Amino acid sequence: MSSREDFLFWRLSHYFIVEKGYRLVQMSEGFEELWLENVANKQAQFVRLLRYDLDWGNWLARDIAHVGTQTESLCQQLGKASLHTLNIYVSQYPPVDDYEAHISESLVVNKGKAYVHTILFETEHYIDGLKQLMVTMGDRLDIKLNHAYDDKDIELLQRSVLTQAVQNQEKEKNLFEAATPFFTYIFLAVQIAIFFIMTVTGGTENTANLIRFGAKYNPLMLQGEWWRFIMPIFIHIGILHLLMNSLSLYYVGTLVEKIYGRIRFALIYLFAGFSGTLASFLFSNSISAGASGAIFGLFGALLYIGTVYRALFFRTMGSNVIMLVIINLVFGFTASGIDNSGHIGGLIGGFLAAAIVHLPKEKRLIVQIVSLFITLLTTVLLLYIGFHPNT
């Protein structure tokens with residue numbers, strides 16, 4: 001194998017993994033084949049890189065068909081409506097026979113839902129492949145090849161690429177293990193305890209008892225009972241209401257607390273609950289209670305992750321989170337007795353709170369400061385409107 005081609009192979013790997021944030025998902029034993037993933041990149045959610053000196057066009061056609069089969073399998077596994085794989089060959093020379101027809105058009109698989117676009121880098125005319133890559137990725141990439149490279153040059157580049165790949169995997173793993181859940185269980189215990197106390201002192205569906213324990217009740221809030229903006233988070237109306245919200249808090253809460261850490265999680269949850277109650281106070285005169293707004297805020301915090309780690313978000317939980325939010329909002333608009341304004345307020349509040357506290361051991365000072373300013377200004381304005389409806 002020529003050192004020049006090896007250097008080009010690892011230089012392209014560096015571009016995708018280090019510069020474009022692709023994740024290494026599979027690597028052959030001899031390092032000549034890599035599969036990379038970045039589902040947030042619509043031009044090429046997957047990239048397959050192969051260092052191989054091509055000989056015949058028929059072999060190339062069979063290999064492209066093999067990549068198409070793998071792409072079809074990935075499309076079905078991920079449940080994607082469409083999937084694009086960029087298939088790149090690095091070879092010293094092109095096949096000796098006709099081969100252009102095999103790479104001139106994208107291979108379409110999975111009933112037209114998945115595509116394989118092939119680019120051949122043969123080092124005598126590698127600029128042609130580079131131009132195709134830049135068009136496909138919509139990006140600028142400058143690579144200049146020497147006539148030869150020392151093994152140390154290639155080893156150094158290879159090591160930097162693989163080191164970055166490992167670091168990316170560790171970073172992703174650490175993102176989901178910032179802390180062990182604590183406040184999730186505290187909030188669960190509090191709402192269960194309050195439900196039990198309310199049950200034995202008048203019932204959880206008794207209007208007078210709901211008001212007595214702190215449910216959202218606009219007339220008393222207008223008289224200055226500010227604590228009713230927080231207390232409804234821990235009050236539930238009926239056992240089914242408690243059960244549904246407790247299960248949701250357990251599953252979503254533990255996930256969010258692991259990612260954001262204990263203190264950040266508590267702040268997000270409480271502020272989302274407050275913002276949900278505030279939205280309900282503004283747009284509904286009905287008595288209401290429940291952790292739904294705060295739980296929607298946890299979904300908002302997960303959506304915020306999508307703005308920071310877009311590729312990781314969509315590869316792991318993004319589609320499920322978005323679908324759950326849509327389903328619950330649609331259900332809230334179509335079913336009776338559901339305070340959807342509280343859900344939307346909680347969702348927005350959770351997103352903003354997550355933007356303010358951000359993720360552990362990381363900073364986005366401009367985003368955090370702007371989010372804090374928007375949150376404070378909006379909260380003060382909405383409170384003023386709510387307490388001065390006729391001004």
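Let's begin with how this chain folds back on itself: among contacts between residues at least 6 apart in sequence, 73% join residues at least 24 apart. Keep in mind as you look around that this is a predicted model.

The protein is built from 15 helices and six strands. Its C-alpha atoms fill a box of roughly 85 × 40 × 40 Å along the principal axes. The radius of gyration is 27 Å, while a compact globule of 391 residues would have one near 21 Å. Of these 391 residues, 50% count as buried. The protein exposes about 19,600 Å², and carbon and sulfur atoms supply 61% of that area.

Now for the pockets. Here are the two side by side:

| Pocket | Volume | Lining by class |
|---|---|---|
| Largest pocket | about 990 Å³ | 16 nonpolar, 18 polar and two charged residues |
| Second largest pocket | about 300 Å³ | 10 nonpolar, seven polar and no charged residues |

Which residues lie closest to the centre of the largest pocket? Of the 36 residues that line the pocket, they are His 241, Asn 245, Ser 292, Ile 338 and His 343. Helices α9 (239-260), α10 (262-283), α11 (292-308), α13 (318-334) and α14 (340-357) each supply at least two residues of this lining.

The second largest pocket is lined by 17 residues, and nearest its centre you will find Ser 275, Gly 345, Ile 348, Thr 378 and Leu 382. The elements giving two or more residues to this lining are α10, α14 and α15 (365-387). Helix α10 gives the most, with seven residues.

Methods. Residues are numbered from 1 along each chain as its sequence is written. This is a predicted model: local features need pLDDT of at least 70, side-chain atom pairs count only at pLDDT 80 or more; totals for chains, interfaces and linings use all residues. Side-chain values use heavy atoms; hydrogens and water are left out. On a 1 Å grid over the protein atoms alone, a cavity is a set of points where a 1.4 Å probe fits but cannot get out, and a pocket is an open set with protein on both sides within 12 Å along at least five of seven lines; lining residues have an atom within 4 Å of a point. Grid points are joined across faces, edges and corners, and a volume is the space filled by probe spheres set on the points. Helices (H or I, at least four residues) and strands (E, at least two) are DSSP runs, numbered from the N terminus. Ala, Val, Leu, Ile, Met, Phe, Trp, Tyr, Cys and Pro count as nonpolar, Asp, Glu, Lys and Arg as charged, and the others, Gly among them, as polar. The radius of gyration is taken over C-alpha atoms; the globule rule is 2.2 Å times the number of residues to the power 0.38. Buried means under 20% relative accessible area, exposed over 50%, partly exposed in between (1.4 Å probe, protein chains only). Contact means heavy atoms within 4.5 Å. Accessible areas come from the Shrake-Rupley method with a 1.4 Å probe; for residues, only the protein chains shown count as cover.
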